[in-house]
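Reader: I have a structure to look at. Please walk me through charges, cores and overall build.

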Amino acid sequence: MKVLWLQASGCGGCTMSALCAEAPDLIDTLATAGVEFLWHPALSLATGGEVRQLLQALEAGEIALDCLAVEGAIARGPMGTGRFQMLSGTGRSMLDWVRALAPLAGHVVAVGSCAAYGGVTSAGGNPSDAVGLAFEGAHPGGVLAAEFRARSGLPVVNIAGCPTHPGWVTETLMLLARGHLAAADLDALGRPLFYAQHLVHHGCPRNEFYEYKASALQLSDLGCMMEHLGCVGTQAVGDCNIRPWNGEGSCTRGGYPCIACTAPEFEEPRHPFTETPKVAGIPVGLPADMPKAWFMALASLSKAATPERIAKNAVAPRLTVPPTIRKPGGRR
């Protein structure tokens with residue numbers, strides 16, 4: 001499968017993240033699966049006239065485009081012309097190129113939340129009128145129509161994340177190359193279910209504190225960050241804590257709350273990322289599928305039953321009370 005990778009309005013962080021894949025690395029993983037880049041602006045040697053010729057050949061149908069991957073949001077401004085972001089040397093906007101090439105592609109992949117939904121690029125006043133490929137925030141229809149389908153019959157595949165996990169990128173491309181990713185394998189927001197069927201909460205090292213509602217009060221504390229520090233890992237999709245970055249890291253493992261970067265409009269939560277909005281002392285963002293009354297009852301019981309070890313460790317920067325060592329049952 002030959003992939004044309006374009007970088008639009010964004011920071012390039014998803015490419016940086018993908019390059020951090022280890023054992024094996026990005027290039028070896030894709031090469032083994034028969035996936036190669038026709039062109040990638042940061043990884044390919046071709047530049048200038050060579051790239052212009054490639055783009056022209058793709059548009060003319062002289063070279064088959066198996067997969068179009070776009071990283072970064074697409075700027076539609078000013079006035080819908082897209083000329084805030086020109087594809088250098090072509091005299092045409094990125095908006096124009098994406099709309100011209102997408103219908104020719106076997107698959108279209110949005111790499112990262114900016115390409116998927118607009119992301120950080122569309123935050124604030126959004127003066128460049130940046131949107132995702134097939135979504136504008138949570139609303140279907142972006143640069144491409146909501147009913148858009150690639151030649152394969154699939155909608156845009158949204159590998160959402162800010163940045164996206166390197167494993168999500170490689171696995172999605174490999175599944176597409178083998179024809180093993182169908183529409184039924186995507187959720188309602190176009191994200192592959194192999195990672196979107198999990199919550200960031202799954203595998204979080206702070207889960208013991210969550211169970212007892214033993215909460216951190218500041219970012220250096222070990223406790224659960226849901227109650228006071230804005231963590232929405234119980235609502236956010238992603239297997240970040242099941243297979244951490246580079247086998248070791250994730251936001252919550254690093255002491256920072258999950259901000260649901262795989263979701264549309266995460267960039268504007270209308271409150272500081274590290275604060276939990278509350279009504280009458282109850283967090284507004286409750287765990288997925290949990291009624292408010294259940295949460296209140298569970299929280300009250302959990303706090304009442306919190307062991308001293310967990311209560312003390314929750315508000316400490318490191319473990320201060322180790323687990324109790326018990327003798328094996330049946331021995332004297």
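Reader: How far apart are the mean positions of the positive and negative charges of the protein chain?

Author: This is a predicted model. Lys and Arg count as positive, Asp and Glu as negative. The protein chain has 25 positive and 28 negative charges. Their mean positions are separated by 10 Å.

Reader: Which residues touch the most other members of the largest nonpolar core?

Author: That core holds 70 residues. Helix α4 (residues 94-101) gives the most to it, five residues. The members with the most partners in the core are L4, L68 and I74.

Reader: Why does this core lie between domain 1 and domain 2?

Author: Domain 1 spans 1-193 and domain 2 spans 197-320. The core lies between them because residues come from both domain 1 and domain 2.

Reader: Which residues does L4 touch, leaving out those up to four places away in sequence?

Author: Contact here means heavy atoms within 4.5 Å. Among the residues L4 touches are W39, C67 and A69.

Reader: Which residues does the second, separate core include?

Author: This core has 11 residues. Included in it are L286, F295, I310 and A314.

Reader: What percentage of the residues of the protein chain count as buried?

Author: Buried means under 20% relative accessible area. The protein chain has 332 residues. The buried share is 48%.

Terms used
Residues numbered from 1 in each chain as written. Predicted model: local features only at pLDDT ≥ 70, side-chain atom pairs only at ≥ 80, totals over all residues. Heavy atoms only, no water. Buried < 20%, exposed > 50% of the residue type's maximum accessible area, 1.4 Å probe, protein only. Charge placed at Lys NZ, Arg CZ, Asp CG, Glu CD. Core = buried A, V, L, I, M, F, W, Y, C linked by side-chain atoms within 4.5 Å. Helix = DSSP H or I, 4+ residues; strand = E, 2+ residues; numbered from the N terminus. Domains from an automatic or database assignment.
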